Amino acid sequence: METQLDPMKDDLPLMANTSYMLVKHYVLDLDVDFKGKVLEGSIVLFFETGSQYRKTSIAGKECSQSQFDESCEMRASEPCRIPMTNVPTCSSKTEYNDFAIGGKEEEATTDENSNHSNSELSSGISSSKDHCDLENHGNKDFLLVLDCCDLSVLKVEEVDVAAVSGTEKFTRPAKLTGVSQELENLRNQIVHELVTLPADRWKEQLCYFTHCSQAPGCGELLFSIGPWSLEIRKSGIQTPADFPHAIRIWYKTKPEGRSVTWTTDQSGRPCVYTMGSPINNRALFPCQEPPIALSTWQASVRTAAGFVVLMSGENSAEPVQLQEGVLSWYYYVSMPMPASTFTIAVGCWQEVKQQSFKETAAIETNTEFSLPSSQTDFRWHEEICGHVEYPCRFQNPAARLQAVIPYRVFAPWCLMESCEEYLLQLIPQCLSAAYATLGTHPFCRLDVLIVPSNFSSLGMASPHIIFLSQSVLPGGKHLCGTRLCHEIAHAWFGLAIGARDWTEEWLSEGFATFLEDIFWARAQQLSHDEIKGQQELKALLRWRRLRDEVQNSEEELQVLRPKKESTGELSESGASVVKYGLKAEKIFMQVHYLKGYFLLRSLARTIGEVSYLASLRKFVVKFHGQLVLSQDFLSMLLEDIPKQKGSGLTVESIFQNWLDTSGIPKPLLEEGETWKECQLVQQVSGEVTKWIQANRRIRKSSKKKMKQDEVVFQQLLPDQLVLLLESLLEEKTLCPRILQCLEKTYKLRGQDAEVSH
């Protein structure tokens, strides 16, 4: 493994050595400080020994040790000892009243030390040094590497999970046969039994995670912070199996940290949220970022009264008052997902509610769709899931029949009325359309938040929560509906099914772009001809965007599978890089959306939409809860349609034509002209001709006024307007009077953001 990575390079390093130790669960316990613009507190990580060590240790401990030497090279400059005093061993109390376990609960909580202050956390800390004492350990100690950036780490300690009442049942003598009874082994055995509890005991597991996270520390660990990582050792511990499997990290974020943004909402109130940074969440908490590190989490977040905490969580959290003016919010997830999908937003959000129950019922009644080929879908559901064990909705009969999951909408006070107008009504329609297309919703609930105006995208999906830009609200329901459909599609593609290699973004964005058209057509309940017309118009617009992007971007950024045959490969330690993950231009590119969309559209046209959507549903059932590569989808699709292999459609040919090359794919070049025959496009062409002729007449005779009754212009759909304006912009000159007439004819100031742009 390359131990020193240049943070100025284009590639994003994923440093965590997940092959040796794998995080299974995070417990965050944080305070929000708007004055200092920091989040501070602690995080407890529960580990399992990684696959690489388990595999190599068969040959013997001595043999496997040599594999760690390279990754254990330290990068500390001037090691020093940081004294830690007055740091409490237990964070403030987490609400877990719904759960009960055996044993004496009072032994698992520490009321005396339940509240810590900023002064306590910073007591005895030398702010100019970020390294613990690393002397006298040689280079044979095992080094745990976590992804970390822009964080102030104050202390790292082992957690004494053996001190928690009730954990004795995880240490039965039969389970420790041939194993030393040393306390270290005992603690690791408890963690192992806890993280491997069966899915039907998830509530009990969550409760024990809570209690164990509040257990006292039992020894500080040595640590060092690099540009992209946090490295942790325990003196004398040379293998992952012997390294503490439960550790607590006391830390605080930095105001300039790139994982969250501190700003004000549209009503002028302070807020903070994760905005989808290229460096993901490593500046929010120390974590393992490689996608393979699928984990669950729970979080308690304290903030001043008046603020609402929204988060990726299965529960709709209700605040608990800890003291005058301080509220605590608690969320959890039981489905393992990459740490990069964790999302938080803290602000003075207001919940937008329906005017009446009758209106809600009417909306949901009118948007229920039956699931296509439902009998086939349910046969798939009866199969055993292929993912690691967790309480899966695909195995829950009630969840499989839920077309509309519970949802809430939050926004700044000044935007509540805008949300009521369209957004609130569109959510059940879009959820039902998604269910009709793909089946079971992977997540049990949904929050939708209108984020501050500095949000750089139109939307972002995370488990249980979607961020939408304020730009989707004005100008009717078209943009709001299509964007909502796009983000809902990510519940299946991007979240429930993730890319094993993050360079294959098309597996998330290409699918969401393709499915947004399917969902939106069903949500509007359009006829077959209307669906075909709108989708061909959309295809032409996207083709024009792709053409422009290909002409104005670097070729290396146009490739959907830039690592080609080495896609998905990791180093021995589990570390890797996201190719071009830090390249500034890449953030604004849409090539993964567009080329991915056109590939899926081409496959659907070749196979037939009905068969294709059936294959998508089968793919979802087979691979939900798992990470995939391009060939996993393509191979399954082509196996289902054997006749296509005979016609030259193979995984290799798709790689060659679509995924491994830059520029416009050859099959797409041949199809580009066909969309111009679409009736909606022909209508726009006719209107463009009228405007160009009117422009020429006015330019020839500037004194001659253009009478309104001379030309009758047709009303156009939003996507038609975009095509019209793009076409007119290709003219060398448009006189001011034409621009004024365009504004008046189409009421451009009242159109949606895409038309306005």
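Student: Okay, two strands pair if DSSP finds at least two bridges between them. With that in hand, which residue of β15 stands opposite leucine 294?

Tutor: Proline 338 does. Keep in mind that this is a predicted model.

Student: How many bridges join β12 and β15?

Tutor: There are 10, and the two strands pair in the antiparallel sense. Strand β15 covers residues 326-338.

Student: And which way does β2 run against β12, parallel or antiparallel?

Tutor: Parallel. Strand β2, residues 21-33, is joined to β12 by 7 bridges. Look at histidine 25 for one example: threonine 296 in β12 is its bridge partner.

Student: What holds paired strands together in general?

Tutor: Backbone hydrogen bonds do, in either a parallel or an antiparallel arrangement.

Student: Back to β12. How many of its residues are buried?

Tutor: 10 of 11, so the strand is mostly covered; buried here means under 20% relative accessible area. Strand β12 spans residues 294-304.

Student: New topic. What is the strand order in the open sheet with β4?

Tutor: The order is β4-β8-β7. That makes 3 strands, with antiparallel pairing.

Student: Which ones are the edge strands?

Tutor: β4 (144-147) and β7 (222-225). Each of them pairs on one side only.

Student: How many degrees does the twist average from one strand to the next?

Tutor: It averages 20°.

Student: How many bridges join β4 to β8?

Tutor: 4 bridges, with the strands running antiparallel. Strand β8 is residues 229-233. Leucine 144 has isoleucine 232 of β8 as its bridge partner.

Student: Helices now. How far does α13 reach from its first C-alpha to its last?

Tutor: It reaches 24 Å over 17 residues, 591-607. That is close to the 24 Å expected at 1.5 Å a residue.

Student: Why call α13 largely enclosed?

Tutor: Because 14 of its 17 residues are buried, the rest of the structure largely encloses it.

Student: What comes just after α13?

Tutor: Glycine 608, which takes a positive phi of about 105°.

Student: And valine 651, which helix is that in?

Tutor: Helix α17, residues 651-659.

Student: Is valine 651 buried or exposed?

Tutor: Buried. Its relative accessible area is 12%, and the cut-off is under 20%, so valine 651 qualifies.

Student: How far is its C-alpha from that of phenylalanine 633?

Tutor: The C-alpha atoms of valine 651 and phenylalanine 633 are separated by 9.5 Å. Along the chain, the two residues are 18 residues apart.

Student: Last thing, holes. How many cavities of 30 Å³ or more are there?

Tutor: The structure holds 7.

Student: Which residues lie nearest the centre of the largest cavity?

Tutor: Ile405, Phe443, Leu446, Ile488 and Ala491, out of 16 lining residues. Strand β20 (459-462) and helix α10 (478-489) are the elements that give two or more residues to that lining.

Student: What kinds of residue line the largest cavity?

Tutor: 11 are nonpolar, 3 polar and 2 charged.

Student: And the second largest cavity, what is its volume?

Tutor: About 70 Å³. It is lined by 13 residues, and Arg500, Asp501, Trp502, Lys563 and Ser576 lie nearest its centre.

Student: Which strand gives the most to the lining of the second largest cavity?

Tutor: Strand β23, residues 576-578, gives 3 residues. The lining of the second largest cavity has 6 nonpolar, 3 polar and 4 charged residues.

Terms used
Residues are numbered from 1 along each chain as its sequence is written. This is a predicted model: local features need pLDDT of at least 70, side-chain atom pairs count only at pLDDT 80 or more; totals for chains, interfaces and linings use all residues. Side-chain values use heavy atoms; hydrogens and water are left out. On a 1 Å grid over the protein atoms alone, a cavity is a set of points where a 1.4 Å probe fits but cannot get out, and a pocket is an open set with protein on both sides within 12 Å along at least five of seven lines; lining residues have an atom within 4 Å of a point. Grid points are joined across faces, edges and corners, and a volume is the space filled by probe spheres set on the points. Ala, Val, Leu, Ile, Met, Phe, Trp, Tyr, Cys and Pro count as nonpolar, Asp, Glu, Lys and Arg as charged, and the others, Gly among them, as polar. The expected span of a helix is 1.5 Å times one less than its number of residues. Buried means under 20% relative accessible area, exposed over 50%, partly exposed in between (1.4 Å probe, protein chains only). Axes are lines fitted to C-alpha atoms, for helices over the stretch in contact, and angles run from 0 to 180 degrees between N-to-C directions.
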